[in-house]
Amino acid sequence: DERTDRRRQEWELADLVIANSSFTAESWTSAGWAKRPVAVVPYGAPPPLPEVVNPSTDGPLRLLWAGTFSIRKGAHLLLEALQALALPPEKLVVEVYGAQGLPEALLRQAPSALRFCGSVPRPELLEHMARAHALLFPTLCDGFGLVVNEALSRGLPVITTRRAGAADLIRPGENGQLIEAGSREAIATA
């Protein structure tokens, strides 16, 4: 409460607010705060690859998850989607890079398509991105999501929700897909 009060005071004093995404910018007024001039300036990204590496079409569909595997990021919905699809690893593989933040009870029946790879150094993650077919980022609430910028810099399409600030960068059908937040069906369909 103290932190929110401080932010509200700063908001009220500001002549101009700079936000990293339209999602972040709209969050203040949707919470009932007075309207203020807001400029949206998205975060940058690593330099693009000089030439996009196209992943192999032989073998399974390779999706990549980068970041904390948690409820706030929609990980539990991914588990439900994978269970509903029931595809073997020969057809679909989801590689998870980052900390695992789901309760163990949810992971007991994790589908075989899901592979936990742990945290890796950024250069290694960028290499994995160059070999994947898409980044899966079904977040329920994320002020931005820098991993989206990183994926796009590797030519990797992104599947995310409008609840990610980085959704501002997605042009459906061109560099990714926007799905409904909180929907295992939307994840499975994508």
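The following paragraphs lead through a predicted model of a single chain, from its overall dimensions to individual side chains.

Because this is a predicted model, local features are given only where pLDDT is at least 70 and side-chain atom pairs only at pLDDT 80 or more, while totals for chains, interfaces and linings use all residues. Residues are numbered from 1 along each chain as its sequence is written, and side-chain values rest on heavy atoms, with hydrogens and water left out.

The secondary structure of the chain comes to 7 helices and 8 strands, where helices (H or I, at least four residues) and strands (E, at least two) are DSSP runs numbered from the N terminus. Along its principal axes the C-alpha trace spans about 55 × 45 × 30 Å. The radius of gyration of the chain is 18 Å, which agrees with the value near 16 Å that a compact globule of 190 residues would have; the radius is taken over C-alpha atoms, and the globule rule is 2.2 Å times the number of residues to the power 0.38. Of the 190 residues, 40% count as buried, a term that stands for under 20% relative accessible area, whereas exposed stands for over 50% and partly exposed for the range in between (1.4 Å probe, protein chains only). Among contacts in the chain with a separation of 6 or more, residues 24 or more positions apart account for 56%, a contact being a pair of heavy atoms within 4.5 Å.

Helix α3 (residues 75–85) has as its buried residues Ala75, His76, Leu77, Leu78, Leu79, Ala81 and Leu82. These buried residues pack against β3, β4, α4 (104–107), β5 (114–118), β6 (134–137) and α7. Just after α3, Ala86 takes a positive phi of about 50 degrees. In helix α5 (residues 122–131), the buried residues include Leu125, Leu126, His128, Met129 and Ala130, and what covers the buried residues of this helix includes β3 (61–66), β4 (92–97) and α6 (146–153). An α-helix has 3.6 residues a turn, so residues three or four places apart point the same way. Ala130 has a relative accessible area of 10% and is therefore buried; its C-alpha atom is separated by 25 Å from that of Asn20, a residue 110 residues away along the chain.

A buried position in a strand is Thr160, which lies in β7 (residues 158–161) and counts as buried because its relative accessibility is 0%. With its neighbours within four places in sequence left aside, Thr160 is in contact with Phe137, Thr139, Ala167, Ile170, Gln177, Leu178 and Ile179. Ser183 lies in the loop between β8 (176–179) and α7 (184–189), and its relative accessibility of 8% is why Ser183 counts as buried. The side chain of Ser183 reaches the backbone nitrogen of Glu185 at 3.4 Å.

The charged side chains come next. A salt bridge is here a side-chain nitrogen of Lys or Arg within 4 Å of a carboxyl oxygen of Asp or Glu, and by this rule the count comes to 7. In one of them the side chains of Asp142 and Lys73 meet at 2.3 Å, N to O. Asp142 lies in the loop between β6 and α6 and Lys73 in the loop between β3 and α3, so the pair ties together parts that are 69 residues apart in sequence. Asp142 counts as buried because its relative accessibility is 8%, and Lys73 is likewise buried, with a relative accessible area of 13%.

Glu150 forms a salt bridge with Arg122, the closest N and O atoms being 3.2 Å apart, and this pair links distant parts of the chain, with Glu150 in helix α6 and Arg122 in helix α5, 28 residues apart. Glu150 counts as buried at 11% relative accessibility, whereas Arg122 counts as partly exposed at 43%. A further salt bridge joins Glu174 to Arg171, with the closest N and O atoms 2.9 Å apart; here Glu174 is exposed, with a relative accessible area of 59%, and Arg171 is partly exposed, with 44%.

Leu16 itself lies in the loop between α1 (2–13) and β1 (17–19).

Conventions:
A polar contact is a pair of N or O atoms within 3.5 Å; within protein, one must be able to donate a hydrogen and the other to accept it, and residues adjacent in sequence count only if both atoms are side-chain atoms.
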